[in-house]
Amino acid sequence: MKNIDLHNHSNISDGLMTPSEVVRLAHEGGVTMLALTDHDDVSGLQEGQRVACELGMDFVTGVEISVSWRQRTIHLLGLNIDPDFLPLMNGLSLIREGRNLRAERMSKELARAGISGALEGAKRKAHNPNIISRSHFARFLVDKGYATDTAAVFKKFLVPGKAGYVAHEWVSISEAVGWVLGAGGIPVIAHPGRYQLSTKVLMELLDESVLSGVQGLEVVTGNHTAEQTEWFADECVRRHLFASRGSDFHGLGESRYLPGRLPDLPLRCTPVWQAWSSRPGSA
Ligand code: AMP
Ligand code: MN
Ligand code: MN
Ligand code: MN
């Protein structure tokens with residue numbers, strides 16, 4: 001039985017476990033092919049690959065790139081990438097610089113709302129000083145007692161309209177797609193049902209994404225309802241796109257699903273792993 005999970009985070013971005021720990025947990029849970037897809041950083045892939053190899057598990061090099069589309073943040077997965085491809089490395093490095101500037105601004109906004117020391121607090125929560133995420137701010141704010149869990153803290157402070165939210169312009173979809181394709185990877189829109197778009201705007205996002213070179217949609221994800229899964233499966237079939245499956249695992253207690261413990265792709269979909277597993281007998 002194949003169990004393929006192509007969306008997981010480690011503490012190289014906002015996950016709670018090291019790349020090795022994520023790979024081991026997935027392996028223990030029966031995952032046969034795993035992608036590590038940290039936000040805007042590929043520096044965990046070597047370690048993940050090494051451990052997966054030791055365990056005899058297929059490993060897919062991935063990244064989840066923060067992009068902007070009509071003033072909204074969208075996440076683009078790059079799957080099966082060459083992480084050493086220079087334009088990708090340089091592009092991700094620029095995004096990380098932008099993240100750090102955003103973190104400084106978030107901290108100033110929180111200070112205006114009476115919460116001091118947020119930047120230092122978020123940095124203490126981050127394992128990789130190059131990636132400061134809203135999740136790190138959220139964990140700091142939970143520690144300080146501003147809410148009981150990270151989901152509540154997001155609602156209260158870290159989403160548009162709230163004190164600690166700072167709008168940020170990432171790169172365009174087509175720019176990030178260019179890096180992924182150049183790196184030999186497959187660009188996939190992550191959790192397309194999570195962006196709270198009307199059907200009309202969502203269709204426009206998908207139309208423009210396909211024109212920019214996006215080749216797949218994440219159909220099964222920890223972020224989708226069963227109805228959304230079916231809807232995006234239909235979109236994949238209609239648009240001749242690959243379909244992906246990923247838990248979006250961030251850590252024990254922080255994620256809806258453990259690696260690999262989520263529904264299968266609907267049978268009518270063409271799995272994205274066919275793109276790199278065309279050899280007979282492979283996954
Ligand atoms: P960032 O890329 O720094 O803006 O942070 C986005 C990350 O925050 C996502 O990848 C999720 O891990 C996390 N996140 C976003 N929204 C929520 C939410 N409502 N509750 C909990 N975590 C969230
Ligand atoms: Mn995240
Ligand atoms: Mn995401
Ligand atoms: Mn993710």
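**Entry 1: α1 and its end.** Helices here are DSSP runs of H or I with at least four residues, numbered from the N terminus. I keep in mind that this is a predicted model. I started with α1, which spans residues 19–28. Just after α1, I found G30 with a positive phi of about 90°.

**Entry 2: confidence.** I looked up pLDDT next: the protein chain averages 96, and 98% of the residues score at least 70.

**Entry 3: the buried side of α1.** Which residues of α1 are buried? I noted P19, S20, V22, V23 and A26. Looking down the axis of α1, I see the buried residues fall within an arc of 165°, so they line one face of the helix. A handy reminder: an α-helix has 3.6 residues a turn, so residues three or four places apart point the same way. I then checked the cover over these buried residues, which includes β2 (33–36), α2 (45–55) and β3 (58–69).

**Entry 4: α1 against α2.** I looked at how these helices meet: their axes come within 8 Å and cross at roughly 35°. The crossing is right-handed. On the α1 side, the contact is made by P19, S20, V23, R24 and H27. On the α2 side, I listed E47, G48, V51, A52, E54 and L55.

**Entry 5: manganese, ligand 4.** What coordinates the manganese ion (ligand 4)? I found H7 (NE2), H9 (NE2), E64 (OE) and D248 (OD), at 2.1 to 2.2 Å. Along the chain, these donors follow the spacing H-x1-H-x54-E-x183-D. The pair of H7, in the loop between β1 (4–5) and α1, and E64, in strand β3, links distant parts of the chain, 57 residues apart. H7 counts as buried because its relative accessibility is 0%, and E64 is buried too, with a relative accessible area of 0%. I also noted that the manganese ion (ligand 4) and the manganese ion (ligand 2) are 4.5 Å apart.

**Entry 6: manganese, ligand 3.** E64 turns up again here: E64 (OE), H75 (ND1) and H191 (NE2) coordinate the manganese ion (ligand 3), at 2.1 to 2.2 Å. I wrote down the donor spacing as E-x10-H-x115-H. H75 sits in strand β4 (residues 72–79) and H191 in the loop between β6 and α8 (199–212), so the pair ties together parts 116 residues apart in sequence. Are H75 and H191 buried or exposed? H75 counts as buried at 13% relative accessibility, the cut-off for buried being under 20%. H191 is buried at 1%. Last item: 5.5 Å separate the manganese ion (ligand 3) from the manganese ion (ligand 2).

Note on methods. Residues numbered from 1 in each chain as written. Chains lettered and ligands numbered in written order. Predicted model: local features only at pLDDT ≥ 70, side-chain atom pairs only at ≥ 80, totals over all residues. Heavy atoms only, no water. Buried < 20%, exposed > 50% of the residue type's maximum accessible area, 1.4 Å probe, protein only. Helix = DSSP H or I, 4+ residues; strand = E, 2+ residues; numbered from the N terminus. Arc of directions from axis to C-beta. Contact = heavy atoms within 4.5 Å. Donors = N, O, S within 2.8 Å, 3.2 Å for Na, K, Ca; no water. pLDDT = per-residue confidence, 0-100. Axes fitted to C-alpha atoms, helices over the stretch in contact; angles between N-to-C directions. Left-handed = near helix turned anticlockwise from the far one by under 90°.
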